[in-house]
Amino acid sequence: MFLAVAGVLGQLGPLRWAYEHSVVPAGAGLAAVGSTAAEAISNLGKVKDLARDNLKLEQENADLRQRLAADAETRRDNDLLRQQLGLEVAGAPRQVAAEVVAFQPDSYRQFVTINKGSGAGIKAGMAVLSGGELIGTIADTGSMTSRIMLVTDPEFKLTAKDQDTGATGIVRGQLGSGLILDKIGQTDAVKSGDTVTTTGLGGLVPSGLLIGEVQSVNTRANVVFQTAQVATSLQVSQLRFAYVVLGM
Amino acid sequence: MVVLAIVSVIVQVSLLPALRPLGVVPNLMLVMVTLIGLEGTASSALAVAVAGGVVLDLASGANFGLWTALLVLAALAAGLVHRAGIELVGPTVACVIVAVLTVVEAVVIVLGVAASVSSWPIGLLSGRLVAELVLNLVLTVGLQPLVRRVTPEAAMGGIG
């Protein structure tokens, strides 16, 4: 009970310091070994699908290159118009790279610890990316470490939108795994394959960060909101590096 | 025994969650505290429970103090077994304590997020609980000889 009260009052500084200087460095190497082993085991099961996946990825790569080129043109036009209107040119978000050094020690919650903290400019609420996707937000920080609440944690919530149709909702982690996009208006259009991104409303998470892709939509006539299942490529056990978005 | 406890804590927060055998994280610390309490003394089990629990609470995003409380409960349960004079021929008693506390851990954590959950994947949660139970029991049976070898002779019949 003493520890719980101390935790609520934020009086765990000395304990956290000891944890950051002993357990975290010792566990960092083992976490890397575990992630590598998990990835290797996962790859063993995928050998027979390699040729098919390779072809699919090549096609996606070609499509993405084309979209990148078109987006680059759009960005140039956007910057030019902003200059002409006297608005600030949107910059690339500043990020700090960190290594995952510890994981949630149980099977139900989804948190990881990284080896950068407030000393690197990290604050609670900042977005964290890996593999180009949002994987979570900073839950709390120490001087040398930070804890990330992953998007698949049952208490994770963030406003999000369907980038293809503009429909907005709240993306929430589900107990077990996975994400849902909740509180979508009944009249809003959402379909399988749509991209889900952050809206940037409230908090420190900028807009336009990729969250995942709509897998399926659940619509019923007698409820106010629709929900959609969102697929994310986040694999907790293979998470090695994370990038904290400090700001634009 | 101190080295074993330290290694167990580090493995619990780094290697086991990364590997996730059968898709779950086995509770190595619960197994170790229970075995130290049964094969050694209750006071050493309590010390490991408190120190290890604090470290796990710092790494965990669940309610702070949960891990410490769970591990202290395991140490006290093992101490009560000593006090009751129950014969420890095999791993049965340890398995019972570990199994009960594995279920307690799952229930407490899931209840802690109940207010945020909109749908309950009962099948998935039950499957995970069963997988974690199996792995914890396997660890209990497998680690008992090691813990018996490294713990000092138990102070028979009393806590501390």
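1. How many cavities of 30 Å³ or more does a search of the whole structure find? The search finds one. A cavity here is a set of points, on a 1 Å grid over the protein atoms alone, where a 1.4 Å probe fits but cannot get out. Grid points are joined across faces, edges and corners, and a volume is the space filled by probe spheres set on the points.

2. Some ground rules. This is a predicted model, in which local features need pLDDT of at least 70, side-chain atom pairs count only at pLDDT 80 or more, and totals for chains, interfaces and linings use all residues; side-chain values use heavy atoms, with hydrogens and water left out. Residues are numbered from 1 along each chain as its sequence is written, while chains are lettered from A and ligands numbered from 1 in the order in which they are written.

3. The largest cavity has a volume of about 50 Å³. Lining residues have an atom within 4 Å of a point. By class, the lining has four nonpolar, five polar and one charged residue. Nonpolar covers Ala, Val, Leu, Ile, Met, Phe, Trp, Tyr, Cys and Pro; charged covers Asp, Glu, Lys and Arg; the others, Gly among them, are polar.

4. Next, the second largest pocket. A pocket is an open set of points with protein on both sides within 12 Å along at least five of seven lines. About 870 Å³ of space lies in this one. It is lined by 33 residues, and the closest to its centre are A:Ser233, A:Leu234, A:Gln235, A:Val236 and A:Gln238. Two or more lining residues come from each of α3 (23–44), β4 (133–141), β10 (210–218) and β11 (225–231) of chain A. Helix α3(A) gives the most, with five residues.

5. Chain A has four helices and twelve strands. Both are DSSP runs numbered from the N terminus: helices are H or I with at least four residues, strands are E with at least two. The C-alpha trace of chain A spans about 55 × 50 × 45 Å along its principal axes. Of its 248 residues, 40% are buried. Buried means under 20% relative accessible area, exposed over 50%, and partly exposed in between (1.4 Å probe, protein chains only). The accessible surface of chain A is about 13100 Å², with 56% belonging to carbon and sulfur atoms. These areas come from the Shrake-Rupley method with a 1.4 Å probe; for residues, only the protein chains shown count as cover.

6. Chain B has seven helices and zero strands. Its C-alpha trace spans about 50 × 30 × 25 Å along the principal axes. The radius of gyration of chain B is 15 Å, which agrees with the value near 15 Å for a compact globule of 160 residues. That radius is taken over C-alpha atoms, and the globule rule is 2.2 Å times the number of residues to the power 0.38. Buried residues make up 53% of chain B. The chain exposes about 6500 Å², and carbon and sulfur atoms supply 74% of that area.

7. Contact means heavy atoms within 4.5 Å. In chain A, 57% of contacts with a separation of 6 or more join residues 24 or more positions apart. For chain B, the share is 71% among contacts between residues at least 6 apart, counting those at least 24 apart.

8. B:Ser60 sits in the loop between α4 (42–59) and α5 (66–84) of chain B. It counts as buried because its relative accessibility is 1%. Leaving out residues up to four places away in sequence, B:Ser60 touches A:Gln104, A:Pro105, A:Asp106, A:Arg147 and B:Trp67.

9. Check two backbone angles. Most residues other than glycine have a negative phi. B:Arg20 has a positive phi, near 45 degrees, and B:Leu22 a positive phi near 55 degrees. B:Arg20 lies in the loop between α2 (15–19) and α3 (28–39) of chain B; B:Leu22 is in the loop between α2 and α3 of chain B. Buried or exposed? B:Arg20 counts as buried at 14% relative accessibility, whereas B:Leu22 is exposed at 63%.
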